[in-house]
Amino acid sequence: MDSQENTLELGTNEEVVNEEVASQAVETEPQVENEEQTRVVYETKEDVLHRLQDIAHSEETPQKEEVEYLKASFYKLHIAEREAKLKAYLDAGGDPEQYQYTPDPIEESFKAEMGIIKEKRAKIFKEMEAEKQENLTKKLAIIDRIKAMVTTPDEANKNYKEFKALQEQWREIKNVPADKANELWRNYQLYVEQFYDMLRLNSEAREYDFKKNFELKTALCEAAEKLADEEDVISAFHQLQKLHQEYREIGPVAKEQREEIWNRFKAASSVINKRHQQHFEGVRAKEEDNLARKTVLCEKVEAIAAEENKGSGDWEKHTKQIIDIQTEWKTIGFAPQKMNVKIFERFRAACDDFFGRKAAYFKGLKETFKDNADKKRALIEKAKALQNSTDWKSTSDKFIALQKEWKTIGMVPKKLGDQLWAEFLGACNAFFEARNAAGVGQRGEERENLDKKLEIIEKLKAVAEETGEDLAEKVQKLVEEYNAVGHVPFKEKDKLYKDYHAVLDKLYKDLNISTAKRKLNNFKQNLKQVAERGENALDNERARLFRQYENLKQEIQTYENNLGFLNASSKKGNSLIDEMNRKVQKLKDDMNLVREKIKAIDAENK
């Protein structure tokens, strides 16, 4: 056997390897399922399960690559289905802590079939290992037999037929343990060449043998060259390994043809090996690109998860963004094997962080909704209790207060909110419709009330022209009569209010001035009597008046501060402001009176 053929035993770098080594080399490459043209896309878990059952219960040998792809496809669909159920539950207002994953009978069936396949593969592997050991034993026996022939050169021609039979047996025996293959082949080749070297055949028989081997090797070269047109690069590579196995099994050719035939076969092999290498370089480049794209998606999800969510709208907006990113993720193929799991774990962790915090937020929101719903139900009960009342004025104010309180209560889920509002509005409408129906007979009463209040205003104007000690008592009595009169026609309210408070303000001002003068004169007349009580009597009185002055000053400041928080956007608000202004003015008048009394004491002391 020539030196070029000997290189087949050693596995020449990238171009030629023995069958066992080739199969191991292929397993280290990216899996074939990465290629779109060879990958079956499964739409449902049932489709995956049916294919798995076919493999488990037929004579078909399970292929590792397909089984792994079936497993990945199943759990991709399974996880997507489980997440969709959880999202629907949360969107419906479900409590994330109460959610439980229900067992999936399809998943249980899938696991059972995987167990059968695992046992089947283990059994096949065991049988293959036993077969390889048996083949090793057979080939060692053939080597021993050829070795014995080499030691008896005189019988070489006699043993030629047996030698050819042994070669045929060797070719028929296939795989042996990979760690024994090269050494086994070297020993076999060594003794075959030694046998040929000592073989004393006539030149015609030897030339015939060489010619036959040349024809066989030429056919293998042609087959290898045709593989360059094979579209399936993976298939072409595996077919080439079989051609290499056959090439090794064929005997030598004439010495002058050995270099030529070997170079031809090697050149054809180089084309296939180069295509195979370029194919997986492209796969690796695609996987690196997939990793880069998935890294960008991880960064996007992490950025969204880090954003502040101020309300349900923000949570829903960000949820849609992340779901869109997850959809895009599913369109991207595998990343490099070392990074594929890590990049997925990073992506999943960012998604889990966002959806975990979202679940916690909506759990809290659910509790808030419950509290708000309870508050609104309490207002509904109050409204229903009031809806049949005929105390129109008082009950109207209560209903208005209930409506204002209703507006201060936060949100509840829309469907429940509409239901509660309908109940509340129904009670409010029942009362106000009854009040409006009863209001037809009230117009005459309101007109009578207007006449009564106009009459009281005229009486107040008359009092303003009088003099005497009992003016304050008269004014107070008329004010009480005015307040006791009921509602007046709505159109007359503003003018009546203006006339009433104009005369009242004048009266209070005049009364305060006259009363203050009288009190000051009386105080001055009594100072001599106070001084006769003792030398410190006036000082004590002055100190008392000064304390009274400071208290009045502080009280005025408090009222004026409170006035700053009021607004007069309604008639009721305006009335309250006027009342407080009158109180402030009276306090100022009292404070001025006290100040004049202090001055009187200071004048007396001089």
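User: What is pLDDT, and what does the chain average in this predicted model?

Analyst: pLDDT is the predictor's confidence in each residue, on a scale from 0 to 100. This structure is a predicted model, and 84% of its residues score at least 70. Taken over the chain, the average pLDDT is 79.

User: How many helices and how many strands does the secondary structure of the chain come to?

Analyst: The chain has 606 residues, of which 36% count as buried. Among its contacts between residues at least 6 apart in sequence, 79% join residues at least 24 apart. Its secondary structure comes to zero strands and 20 helices.

User: Are α10 and α11 roughly parallel or roughly antiparallel to each other?

Analyst: Helix α10 covers residues 255–306 and helix α11 covers residues 312–330, and their axes come within 10 Å and cross at roughly 170°. Because angles over 145 degrees count as roughly antiparallel, the answer follows from that crossing angle: α10 and α11 are roughly antiparallel.

User: How many charged residues does the contact of α10 with α11 have?

Analyst: On the α10 side, the residues that meet α11 include K294, L297 and I304, while H318, I322 and W329 are among those in α11. By class, this contact of α10 with α11 has seven nonpolar and two polar residues, and its charged residues number three.

User: Are α10 and α12 roughly parallel or roughly antiparallel to each other?

Analyst: Helix α12, residues 337–386, packs with α10 at an angle of about 20°, and the two axes are 9 Å apart. α10 passes α12 in a left-handed crossing. Since angles under 35 degrees count as roughly parallel, α10 and α12 are roughly parallel.

User: How many nonpolar residues does the contact of α10 with α12 have?

Analyst: Among the residues that meet here are L291, L297 and V301 in α10, together with I343, F347 and F354 in α12. The contact of α10 with α12 has six charged and two polar residues, while the nonpolar residues number 12.

User: Is L243 buried or exposed?

Analyst: L243 is found in helix α9, residues 233–249. Leaving aside neighbours within four places in sequence, L243 is in contact with L220, A223, A224, L227 and F265. Its relative accessible area is 10%, and because buried means under 20%, L243 is buried.

Notes
Residues are numbered from 1 along each chain as its sequence is written. This is a predicted model: local features need pLDDT of at least 70, side-chain atom pairs count only at pLDDT 80 or more; totals for chains, interfaces and linings use all residues. Side-chain values use heavy atoms; hydrogens and water are left out. Axes are lines fitted to C-alpha atoms, for helices over the stretch in contact, and angles run from 0 to 180 degrees between N-to-C directions. Helices (H or I, at least four residues) and strands (E, at least two) are DSSP runs, numbered from the N terminus. Angles under 35 degrees count as roughly parallel, over 145 as roughly antiparallel, 65 to 115 as roughly perpendicular and the rest as oblique. Contact means heavy atoms within 4.5 Å. Ala, Val, Leu, Ile, Met, Phe, Trp, Tyr, Cys and Pro count as nonpolar, Asp, Glu, Lys and Arg as charged, and the others, Gly among them, as polar. Buried means under 20% relative accessible area, exposed over 50%, partly exposed in between (1.4 Å probe, protein chains only). A crossing is left-handed if the near helix is turned anticlockwise from the far one by less than a right angle, and right-handed if clockwise.
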